[in-house]
Amino acid sequence: MLREILRMTALCSAFALTACGGSGLAPVGGGDLIATLGSGDVQAMCAAAGANTHHCLGYSLTMSGLKRAQETTQGLRRGYGSNGDLRKFGGSVIGSTPPAGYGPSDLMKAYAVIGSSGGAGRVVALVESGDAPTLENDLSVYRAQYGLPACTTSNGCFRKIGQDGSTNLPAYDPNWAGESQLDVDMVSALCPSCHILVVEANDESAGLDVAENTAAQAGVFAISNSWGGAENASEASYFNHPGIVITVSSGDNGYRGGPQSPSDFTGVIAVGGTTLQRANNARGWSETVWSGTGGGCSKVVAKPAWQTDLACPMRTISDIAFDADPASGVAMYDGNQKDAGSGPIGWRVAGGTSVGAPAIAALFALAGVSASNASQLYANASALNDVVSGSNGGCSAAYLCSGEIGYDAPSGNGTPNGLSGL
């Protein structure tokens, strides 16, 4: 079933569409960026590009400064991972200077996750489109940088299959490879003992749905999807696999972008996005709604019984949230110069709600908590970090586009505070 769906980017990666939050900011030149550039410097450079650091999308952080990327034409349901993040091109691959962007220990601390040995042997599946030929090697670089145990084909931790479950992989797709790399890095960061299964679809349309079913039949604990498109209720059956945690990123086009499928389906956990910053408070961190996060009120999916918000008579998106702002982004490693953007290989700082989809899936696997939908996040809302400020646009009912006490659409019930809220 071929669908004409214009993809919005959710790994907001270096060469972005304006649909991935691109603003009218002017390009910024500057001096050389050195390998010791830190995440705080990334935020400062975003601020230099305009008053709102949340809109530092569609810019490439290059060795000569922030540069506005050329827009490209998207087709069908392109993966979030190629257009729109801030990429920091580091010098050394593994060394004493940590890459810019939050690493595993930062994310573990920010979300109060203790006991990284959990999840041993549990499989987190990642549904992607096209092959990422350097994926296993790039994953090895990421895990070695942060002292995580090796996850390889030879030790049984890592596996790639095609949409039919065989070892016949699709052709390389440079527009998706960066997404695949981010996804495996985020599973590694939050559940280093988990196994990783990458299911690669032949195309950005019906192939993704076929790959979803293949993943569900492969004995996995959780499935992560960092992609989406226009709402399409006919796809819902592909995302109804009771007992398997299915996470989906909510998108990166703000409230104006509206809900997307498959994040609107009732069989999935929809993951919104925040801006995560270190803070001088008891938690040591603060979060606000990221201005680019998707979500809102579905036009095609009925309201599930476990949602009780009043202004949306249909399914409301999101259910939970995670760091997504590229200005407070995560470190990822891309070792393929041919990937979209054609920038130098190396470390990059990535943002977008596709950071959260694999991270939340990994946390469920780490905790060993299964879920057939998002209902338990509503029952356990008090155990999450409530996000009470920030906005992703303008709307008639404030909670549909702004962080508020209790449930709100951009951040759902909040962000992880340990594993008890899952």
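**Entry 1: a threonine to start with**

In which strand is the place of T274? I looked it up in this predicted model and found T274 in strand β10, which covers residues 269-278. I then looked for a partner and found that the side chain of T274 makes a polar contact of 2.7 Å with the side chain of E287.

Are the two partners buried or exposed, or in between? E287 has a relative accessible area of 10%, and because buried means under 20%, E287 counts as buried. R283 is at 28% relative accessibility and counts as partly exposed.

**Entry 2: other salt bridges**

How many salt bridges does a search of the whole structure find? I wrote down seven. One of them joins R315 and D319, with 2.8 Å between the closest N and O atoms. R315 is buried at 0% relative accessibility, and D319 is buried at 0% as well.

Another salt bridge pairs R348 with D334, and here the closest N and O atoms are 2.5 Å apart. I checked where these two residues sit: R348 is in strand β16 (residues 346-350) and D334 is in strand β15 (residues 330-334), so this pair ties together parts 14 residues apart in sequence. Both R348 and D334 are buried. I also found a network: D131, K160 and E200 are joined by salt bridges that share partners.

**Entry 3: a glycine in a strand**

E200 turned up again when I looked at G162. G162 lies in strand β6, residues 158-162. Its relative accessibility is 0%, so G162 counts as buried. Which residues does G162 touch, leaving aside neighbours within four places in sequence? My list reads N168, L169, V199, E200 and T214.

**Entry 4: the nonpolar cores**

How many residues does the largest nonpolar core have? It has 65, and L107, L190, I196 and F322 are those with the most contacts inside it. Helix α6, residues 356-367, gives the most to this core, namely eight residues. Beyond its neighbours within four places in sequence, L107 is in contact with Y102, M186, A189, L190, L276, F322 and V330. There is also a second, separate core of 22 residues, and V127, V220, I223 and F239 are among them.

Last, I checked the confidence values. The mean pLDDT of the protein chain is 80, and 75% of its residues reach 70 or more. Where does the pLDDT fall below 50? One such stretch is residues 1-43, which has 180 contacts in the model beyond near neighbours in sequence. Residues 45-92 also stay under 50, and the model has 212 contacts for them beyond four places in sequence.

Technical notes. Residues numbered from 1 in each chain as written. Heavy atoms only, no water. Core = buried A, V, L, I, M, F, W, Y, C linked by side-chain atoms within 4.5 Å. Buried < 20%, exposed > 50% of the residue type's maximum accessible area, 1.4 Å probe, protein only. Helix = DSSP H or I, 4+ residues; strand = E, 2+ residues; numbered from the N terminus. Contact = heavy atoms within 4.5 Å. Salt bridge = Lys/Arg side-chain N within 4 Å of Asp/Glu carboxyl O. Polar contact = N/O pair within 3.5 Å; in protein donor to acceptor, adjacent residues only side chain to side chain. pLDDT = per-residue confidence, 0-100.
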